[in-house]
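Trainee: I would like to learn how to read a model like this one, feature by feature. Can we go through it together?
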Amino acid sequence: MNTQLLQVLADGEWHSGQALADAAGVSRVAMWKQLQKLQEAGVTLEAVKSVGHRIVGGLDLLTDADVLSALDPATENLMGELQVLQQIDSTNRVCQEVMGDRAQPGKAIVVSAEQQTAGRGRRGKAWVSPYARNMYLSVGWQVQGGAAALQGLSLAIGVAVVRALQDLGVATAQLKWPNDVVVGRQKLGGILIELTGDMAGPCSVVVGMGLNVNMPEYAQDGIDQAWTDVYQQGVKPARAALIAGVLNQVLPLLKHWEQSGFEPWREAWQTLDAYRDQPVNILMGDKRIAGTERGVDRDGAIQIETTTGVQSFHGGEVSLRPQS
Ligand code: BTN
């Protein structure tokens with residue numbers, strides 16, 4: 001991806017072929033090939049003879065400087081490394097790799113990208129990740145206490161992400177157990193936490209967060225569930241400001257997590273619970289349990305009231321749906 005070319009075209013204005021070739025520092029033939037690559041990545045280009053080329057609607061491009069300049073001082077102190085990449089397979093995969101090479105205690109490795117070609121969702125699903133439209137963000141952090149210390153972390157991260165959205169004026173976002181960000185019954189974002197290292201001792205956690213910001217029409221076919229995006233909530237934050245806002249919430253959370261655990265986040269999670277007191281089904285493989293959703297217990301397990309009383313369900317195969 002030629003970033004100089006993109007930076008010129010990002011304003012959505014018309015640019016002549018020669019001006020673009022000059023900006024990219026390449027011949028006109030090479031410039032044409034670059035434009036083709038952009039189109040292949042899903043960028044909607046328009047060309048008019050003797051006028052030039054433009055990106056319809058322009059593009060909100062990410063820079064690391066824009067992200068860094070919007071960080072709180074306390075967050076800046078917790079940043080070990082920030083990478084804002086163009087096109088990669090998965091920010092979680094890259095973040096795991098960088099953690100393997102350069103993880104430091106008390107410092108986050110942060111990886112974001114304009115596009116993921118193999119974005120990972122929960123339960124082996126793909127995460128649709130079109131170019132320069134959404135937020136794909138991974139934060140790597142070292143933990144001492146292994147998997148046990150991470151109980152409830154993904155729920156607390158959900159609260160942190162919703163708070164970041166609220167700070168930017170998105171008042172409609174709620175949570176669906178275990179860690180979907182939703183508006184009503186539509187999915188706005190998701191969280192995927194992956195662990196590497198000693199599951200019983202020092203290890204690295206990668207917190208992957210995806211938010212639909214301005215989902216283009218061409219990408220919608222790949223999504224197999226009801227969804228929405230931030231723009232549809234009536235606000236259009238710059239993606240760099242959104243990333244910084246999420247980091248301002250998530251990095252202090254990670255810093256205190258091993259002391260705090262889920263307990264101080266539980267009440268906030270319940271307040272944002274979109275399915276509280278609703279009739280639900282819990283699906284566990286072929287088994288379906290019908291009941292009423294009664295919030296989460298102190299470990300973050302979902303509590304369902306059935307005819308036999310209240311039962312807690314932990315992650316894994318459990319999924320939650322409204323009863324039809
Ligand atoms: C879900 O299925 O709800 C979780 C989706 C998590 C997607 C994010 S996008 C950034 C990070 N990199 C990935 O490959 N996945 C996560």
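Trainee: Let me begin with V56. Is V56 buried, partly exposed or exposed?

Mentor: Keep in mind that this is a predicted model. For exposure, buried means under 20% relative accessible area and exposed means over 50%. V56 has a relative accessible area of 40%, so V56 is partly exposed.

Trainee: Where in the fold is the place of V56?

Mentor: V56 sits in the loop that links β2 (52-55) and α4 (64-69). Then compare sequence and space. V56 and A10 are 46 residues apart in sequence, yet their C-alpha atoms are 9.2 Å apart.

Trainee: And L247: which helix is that in?

Mentor: L247 belongs to α8, residues 239-260. L247 is buried because its relative accessibility is 0%. Here too, check sequence against space. T75 is 172 residues away from L247 along the chain, and the two C-alpha atoms are separated by 7.0 Å.

Trainee: Next, the cysteines. How many disulfides does a search of the whole structure find?

Mentor: First the idea. A disulfide is a covalent bond between the sulfur atoms of two cysteines. The search of the whole structure gives zero disulfides. Take C95, which is in none; its nearest cysteine sulfur belongs to C203, 13 Å away.

Trainee: Are C95 and C203 buried or exposed?

Mentor: C95 is buried, because its relative accessibility is 0%. C203 has 5%, so C203 counts as buried.

Trainee: On to the strands. How do I read the pairing around β12?

Mentor: Take the bridges, then the direction. β11 (residues 287-296) and β12 run antiparallel, joined by three bridges.

Trainee: What lies between the strands in each hairpin?

Mentor: Between β11 and β12 there are five residues. In that turn, G300 has a positive phi of about 95°. The hairpin of β12 and β13 has two residues between its strands.

Trainee: How many residues of β12 are buried?

Mentor: Four of the five residues of β12 (residues 302-306) are buried, so to speak a mostly covered strand.

Trainee: Last, the ligand. How many residues surround the ligand, and which are the closest?

Mentor: Start with the shell. The ligand has 20 residues around it, and S90, Q116, R120, R122 and K187 are the closest. By class, the shell holds six nonpolar, 10 polar and four charged residues.

Trainee: How much of the ligand's accessible area does the protein cover?

Mentor: On its own, the ligand has 410 Å² of accessible area, and the protein covers 98% of that. Elements giving two or more residues to the shell are α6 (91-102), β5 (135-143), β8 (186-197) and β9 (203-211). β8 gives the most, four residues.

Notes. Residues are numbered from 1 along each chain as its sequence is written. This is a predicted model: local features need pLDDT of at least 70, side-chain atom pairs count only at pLDDT 80 or more; totals for chains, interfaces and linings use all residues. Side-chain values use heavy atoms; hydrogens and water are left out. A residue is near a molecule or strand if one of its heavy atoms lies within 4 Å of it. Accessible areas come from the Shrake-Rupley method with a 1.4 Å probe; for residues, only the protein chains shown count as cover. Ala, Val, Leu, Ile, Met, Phe, Trp, Tyr, Cys and Pro count as nonpolar, Asp, Glu, Lys and Arg as charged, and the others, Gly among them, as polar. Buried means under 20% relative accessible area, exposed over 50%, partly exposed in between (1.4 Å probe, protein chains only). Two strands pair if DSSP finds at least two bridges between them. A disulfide is a pair of cysteine sulfur atoms within 2.5 Å.
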